[in-house]
Amino acid sequence: MNTSIPANPIRPTIPLDRPGKHHGFLKLPYSRNDSAWGAVMIPLTVIVNGTGPTALLTGANHGDEYEGPVALQALAHDLQPEDIAGRVIIVPYMNFPAFRAGTRVSPLDSVNLNRAFPGAPDGSVTQKIAHYFQGVLVPMADLVVDFHSGGKTLDFLPFACAHYLDDAGQQAACVAAAQAFNAPYTLMLREIDAVGMYDTAVEQQGKVFVTTELGGGGSLTARSARIARRGLRNVLIHAGILAGTVEGGDSVMLDMPDDDCYHVAPAAGLYEPMVDLGETVAPGDPLARIWAADRSGAAPDIIRAQRGGVLAARHFPGLIQIGDCLAVVAVTGG
Ligand code: CA
């Protein structure tokens, strides 16, 4: 053993491999002013029965996204060992401190968990969480589902997605699982900023990975919650862990072929959307106006579509900053 590399300090309070259904925590020691020998307690449910694949299921990687946490709480409550073949590891609030604060990044260290991989065993709280998933939980998994939504600053068409990968076989398996989720849309995603992402860490370990964007704005809807719950069940059926048949209608395939899909705000100001999610635009069509936030009478900036397609994501708050992601236009088909 290389003693120069410290071990990750996180310990599960329940066994990760014992048959049955167990609820506990990932206990992360966190010494601080209000609790000298305290810990961050990340809720965890593990269900094991017979032989079969292992699914690792996470929500609140970003703390202000709620469809995943709802679907995973419901699964942790409802699912019984006799329902499955294999193992289900459920972490509804992956970045628990961020979830409790209702913020994207952790209030403890200002680290974005989804840019913290591979993490560090002697780093900050969020870096330790990343390192534990990287080195302990992900290696146990055959299938990883990580739920996202837009959080407080973005809103999305509801989709499950797979990434473009170098390994064609792995990519095909990820696409099949994302299609099985059967959200209203299924997207082939080109990441804008893939370094340090959980997605990248999981895919580099050769796993089947499904992620989602199911809504946003810092809340959820009855529809988006239903899509999350049904999709989770569908993916577990697809993996052979749960019996049954995949439910839902025909998912519309979307693709993001290049960086022209992303539209960035060229100025700060008052944001006026001119297209809603799911609407179709042609190249050059106006997507939004940005009005001056500090004077009246000035002409707005008009942001035009760099390509034709469907509006798949948009900035959510009424105010916008220069450099914010204003809109994402995806292409149907693919
Ligand atoms: Ca997110």
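This is a predicted model: local features need pLDDT of at least 70, side-chain atom pairs count only at pLDDT 80 or more; totals for chains, interfaces and linings use all residues.

Visitor: What is the phi of Ser110 near?

Guide: Phi of Ser110 is near 60 degrees, which is a positive value in a residue other than glycine.

Visitor: And is Ser110 buried or exposed?

Guide: Ser110 has a relative accessible area of 59% and is therefore exposed, as the cut-off for that class is over 50%.

Visitor: Where does Ala60 sit, then?

Guide: Ala60 is in the loop between strand 4 (54–58) and helix 1 (67–78), and phi of Ala60 is near 55 degrees, again a positive value in a residue other than glycine.

Visitor: Why does Ala60 count as buried?

Guide: Ala60 counts as buried because its relative accessibility is 1%, and the class takes in residues under 20%.

Visitor: Let's zoom out. Which domains is the protein chain divided into?

Guide: The protein chain is split into domain 1, covering 11–253, and domain 2, covering 257–332. The contact takes 15 residues from domain 1 and 18 residues from domain 2, while the C-alpha centres of the two domains lie 30 Å apart.

Visitor: How much area do domain 1 and domain 2 bury between them?

Guide: Domain 1 and domain 2 bury about 1200 Å² between them, with 65% of it on carbon and sulfur atoms. On the side of domain 1, the residues that lose the most area to domain 2 are Asp155, Leu157 and Arg190, which together make up 40% of what that side buries.

Visitor: How many salt bridges are there between domain 1 and domain 2?

Guide: The count of salt bridges between domain 1 and domain 2 is 0, whereas 3 residue pairs are found in polar contact across their interface.

Visitor: Which strands supply the domain 1 side?

Guide: Strand 7 (154–156), strand 9 (185–189) and strand 11 (252–255) each supply at least two residues of the side of domain 1 that touches domain 2, and strand 7 gives the most, with 3 residues.

Visitor: How do the residues of that side divide?

Guide: The side of domain 1 that touches domain 2 has 9 nonpolar, 2 polar and 4 charged residues.

How values were computed:
Residues are numbered from 1 along each chain as its sequence is written. Side-chain values use heavy atoms; hydrogens and water are left out. Domain bounds come from an automatic or database domain assignment. Contact means heavy atoms within 4.5 Å. Buried area is the accessible area (1.4 Å probe) that two parts lose on being put together, summed over both. A salt bridge is a side-chain nitrogen of Lys or Arg within 4 Å of a carboxyl oxygen of Asp or Glu. A polar contact is a pair of N or O atoms within 3.5 Å; within protein, one must be able to donate a hydrogen and the other to accept it, and residues adjacent in sequence count only if both atoms are side-chain atoms. Helices (H or I, at least four residues) and strands (E, at least two) are DSSP runs, numbered from the N terminus. Ala, Val, Leu, Ile, Met, Phe, Trp, Tyr, Cys and Pro count as nonpolar, Asp, Glu, Lys and Arg as charged, and the others, Gly among them, as polar. Buried means under 20% relative accessible area, exposed over 50%, partly exposed in between (1.4 Å probe, protein chains only).
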